[in-house]
Amino acid sequence: MQNSSNDILVASGIVKTFPGAIALNKVDFSLRRGEVHALLGENGAGKSTLIKCITGAYRRDAGLLKLDGEEIDPRDTLDAQKLGIGTVYQEVNLLGNLSVAENLFLGRQPRRFGLIQAREMNKRAHALLAQYSIDINVSAALESYSVAIQQVVAIAPCRRSFRQGADPR
Ligand SMILES: Nc1ncnc2c1ncn2[C@@H]1O[C@H](COP(=O)(O)OP(=O)(O)OP(=O)(O)O)[C@@H](O)[C@H]1O
Ligand SMILES: [Mg+2]
């Protein structure tokens, strides 16, 4: 597989077997900057398994994963998320009654002396959404916004810069 600088993620020779089934047999797949990819295949082709190997939900048996030219080996989904690789499922998996900012920071709100810093959280949430040209009141309930906005709220926390900056550990 060619490795050009336009490649964000390159998976090569990915192998994953289950008892009695070879789900992935040396699969090559790359994601290029500025492109949207669709992964198509018949039932049982291995789409879900490939995504799970890339997002850390499964450990692959063999093959290489490279992100921006560097080899990665996500141990689990949290590990992959810290690298900016996450899965957003079709059904938005968020809490509509919480604010937009609270959803963006679920489980990792900025804290000081054990207290959640709401102003800081709202400020960071607003800045994050600005990167998607979205300018909304982040302290309003998520459910008051369109599904399109909700999808962005689901995707935005996967950004690597956000993950690393906001991670309390
Ligand atoms: N947990 C598992 N245990 C055993 N076999 C599995 C498991 N998960 C997937 N497989 C097998 O691996 C192969 C690939 O399955 P996978 O679910 O990745 O396909 P898919 O392309 O996502 O299919 P679909 O279109 O039905 O979602 C299939 O043969 C499937 O039966
Ligand atoms: Mg599937």
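Me: Which residues are around ligand 1?
Reply: Phe18, Ala21, Ala23, Gly41, Asn43, Gly44, Ala45, Gly46, Lys47, Ser48 and Thr49. A residue is near a molecule if its C-beta atom, placed from the backbone, lies within 6 Å of it.

Me: Is that an experimental or a predicted model?
Reply: This is a predicted model, where local features need pLDDT of at least 70, side-chain atom pairs count only at pLDDT 80 or more, and totals for chains, interfaces and linings use all residues. Residues are numbered from 1 along each chain as its sequence is written, while chains are lettered from A and ligands numbered from 1 in the order in which they are written.

Me: Back to the ligand. Which elements give two or more residues to the shell?
Reply: Strand S2 (21-32) and helix H1 (47-54). H1 gives the most, with three residues. Helices (H or I, at least four residues) and strands (E, at least two) are DSSP runs, numbered from the N terminus.

Me: How many nonpolar, polar and charged residues are in that shell?
Reply: Four nonpolar, six polar and one charged. Ala, Val, Leu, Ile, Met, Phe, Trp, Tyr, Cys and Pro count as nonpolar; Asp, Glu, Lys and Arg as charged; the others, Gly among them, as polar.

Me: S2 came up. What is the strand order in its sheet?
Reply: S2-S1-S3-S4, an open sheet of four strands with antiparallel pairing. Two strands pair if DSSP finds at least two bridges between them. S2 and strand S4 (70-72) are the edge strands, each pairing on one side only. Neighbouring strands are turned by 25 degrees against each other on average, direction ignored.

Me: Where does H1 sit on it?
Reply: H1 packs on the sheet and touches S1, S2 and S3. Its direction makes about 65 degrees with that of S2. Axes are lines fitted to C-alpha atoms, for helices over the stretch in contact, with angles from 0 to 180 degrees between N-to-C directions. Contact means C-beta atoms, placed from the backbone, within 7 Å.

Me: Which H1 residues are buried?
Reply: Thr49, Leu50, Lys52, Cys53 and Ile54. Their cover includes S1, S2 and S3. Buried means 20 or more other C-beta atoms within 10 Å of the residue's own; exposed means 12 or fewer, and partly exposed lies in between. Just after H1, Gly56 takes a positive phi of about 85 degrees.

Me: How many bridges join S1 and S2?
Reply: Eight, in the antiparallel sense. Phe18 stands opposite Ala21 in S2. The hairpin has two residues between the strands, and Gly20 takes a positive phi near 85 degrees there.

Me: And how many between S1 and S3?
Reply: Five, also antiparallel, linking strand S1 (residues 7-18) with strand S3 (residues 62-67). Val15 has Ala62 as its bridge partner in S3.

Me: New topic. What is in the largest nonpolar core?
Reply: It has 14 residues, and those with the most contacts inside it are Val100, Ala101, Leu104, Ala125 and Val153. A core is a set of buried Ala, Val, Leu, Ile, Met, Phe, Trp, Tyr and Cys residues joined through C-beta atoms within 7 Å. Helix H3 (100-104), helix H4 (118-130) and helix H5 (147-155) each supply at least two residues. H4 gives the most, with four.

Me: What does Val153 touch?
Reply: Leu94, Val100, Asn103, Leu104 and Leu142, not counting residues up to four places away in sequence.

Me: And overall, how many helices and strands?
Reply: Six helices and six strands. Of the 169 residues, 23% count as buried.

Note on methods. Contact = placed C-beta atoms within 7 Å.
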